[in-house]
Amino acid sequence: MSKDFFASGLAGLLSQIISWPTEFLKTNKQLPKYKNISILTVIKNEYKTNGIKSFYRGSLPQIASAFPRSIVRFHVFNYSHHNLQKCNINNTMNSIISGILGGSVEAFLVQTPAEVLKVQAINKKQNIVHSFKTIYNLNGFSGFWTGALPTVIRQGSSQGISFPVFHKTKPIFDQYIYLQPISSLLGGVCGGVTAVFINNPIDSMKTYKQSDRKDKSLIEIAKEIKKTKGIKGFYTGMGLRLLRMAPLHGSTFYFYDILKKYS
């Protein structure tokens, strides 16, 4: 059990550090105030203002939470998968249900507060300490769970998609000797890419909710996005999210398998 905890936690930490800059840019692109600004303009402005470190603004809560998040995700998934096997549930359906449960618990317990801090830090161009104080002073501890529902939906669906896709594609890559060393990486990439294509709309709405639309319902936010950006607004930042989620999921599964084997 301790080996599994260490492997999953460290895998989550490493994958977050590697893929963070694309998450920073994706969040900027999805914010309401940046609807007419190109991503290249965002990159130029951020680099001109604070240099390379700009692209890691808001990363501290996500990187700090990556270790416990990944532990919760893999532990809940493995626990659920083991127990559902006893019920003779189809393996693919088992992976979907277990992935949804793992992602949902992870999202509610750990990820939502980290997401709120991340979005506020990026949106207001604040450091994490200032963002923490602002959120707490305005809304108390409940403020850190703003947008919990879309975060749970997004993360639950992401893991509910990525785990079964990973388990389906990894054996395919294992059939080729030259791909066997990176089959976990490739399977994870496939899972991450599939998840982005399916659930990007809820990710866009989550960013709105956690920026400065906390009093609006998801239906109201959806209407606003449709009115101001059209249907394509729900897929804002998808390219950048693909650039992040592909290596994020790929490296998470890859590091998890490697660390579990050698730790």
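Predicted model: local features only at pLDDT ≥ 70, side-chain atom pairs only at ≥ 80, totals over all residues.
**Entry 1: cysteines**

I began with the cysteines. I looked for disulfides and found zero in the structure. Cys87 is exposed, at a relative accessible area of 51%. Cys190 has 27% relative accessibility and counts as partly exposed.

**Entry 2: largest pocket**

I turned to the open spaces. How much space lies in the largest pocket? I noted about 210 Å³. Its lining has 16 residues. Closest to the centre of this pocket are Gln120, Leu138, Asn139, Ser211 and Lys214.

Helix 4 (91-124), helix 5 (128-139) and helix 7 (183-211) each give at least two residues to the lining of the largest pocket. Helix 5 has the largest share, with four residues.

I sorted the lining by class as well. The largest pocket has eight polar residues, five charged and three nonpolar in its lining.

**Entry 3: second largest pocket**

The second largest pocket came next. I recorded a volume of about 170 Å³ for it. Which residues line the second largest pocket? I listed Phe74, Phe77, Asn78, Phe163, Phe166 and His167.

The helices involved are helix 3 (59-85), helix 6 (148-174) and helix 9 (238-262), each with at least two lining residues. Helix 6 supplies the largest share here, five residues. By class, I noted seven nonpolar, three charged and two polar residues in the lining of the second largest pocket.

**Entry 4: enclosed space**

The largest cavity has a volume of about 240 Å³. It is lined by 26 residues, and Gln16, Arg69, Gln155, Met245 and Leu248 are the closest to its centre.

Helix 1 (2-30), helix 3, helix 4, helix 6 and helix 9 each give two or more residues to this lining. Helix 9 gives the largest share, seven residues. I sorted the lining of the largest cavity into 11 polar, eight charged and seven nonpolar residues.

I searched the whole structure for salt bridges and found nine. I followed Glu115 in detail.

One partner of Glu115 is Arg154, with N to O at 3.7 Å. Glu115 belongs to helix 4 and Arg154 to helix 6, so this pair ties together parts 39 residues apart in sequence. Are these side chains in buried or exposed residues? Glu115 is buried, at 2% relative accessibility. Arg154 is buried too, with a relative accessible area of 5%.

Glu115 also meets Lys206 in a salt bridge, at 2.5 Å from N to O. Lys206 lies in helix 7 and Glu115 in helix 4, so the pair links parts that are 91 residues apart in sequence. Lys206 is buried, with a relative accessible area of 0%.

I checked another pair, Lys216 and Glu224. The two form a salt bridge, and their closest N and O atoms are 3.0 Å apart. Lys216 is partly exposed, at a relative accessible area of 31%. Glu224 is buried, at 14%. I place Glu224 in the buried class because its 14% is under 20%.

Which residues do they join into one network? I found Glu115, Lys118, Arg154, Asp203, Lys206 and Arg241.

Conventions:
Residues numbered from 1 in each chain as written. Heavy atoms only, no water. Disulfide = S-S within 2.5 Å. Buried < 20%, exposed > 50% of the residue type's maximum accessible area, 1.4 Å probe, protein only. 1 Å grid on protein atoms, 1.4 Å probe; cavity = no way out; pocket = protein on both sides within 12 Å on 5 of 7 lines; lining within 4 Å. Points joined across faces, edges and corners; volume = space filled by probe spheres on them. Nonpolar A, V, L, I, M, F, W, Y, C, P; charged D, E, K, R; others polar. Salt bridge = Lys/Arg side-chain N within 4 Å of Asp/Glu carboxyl O.
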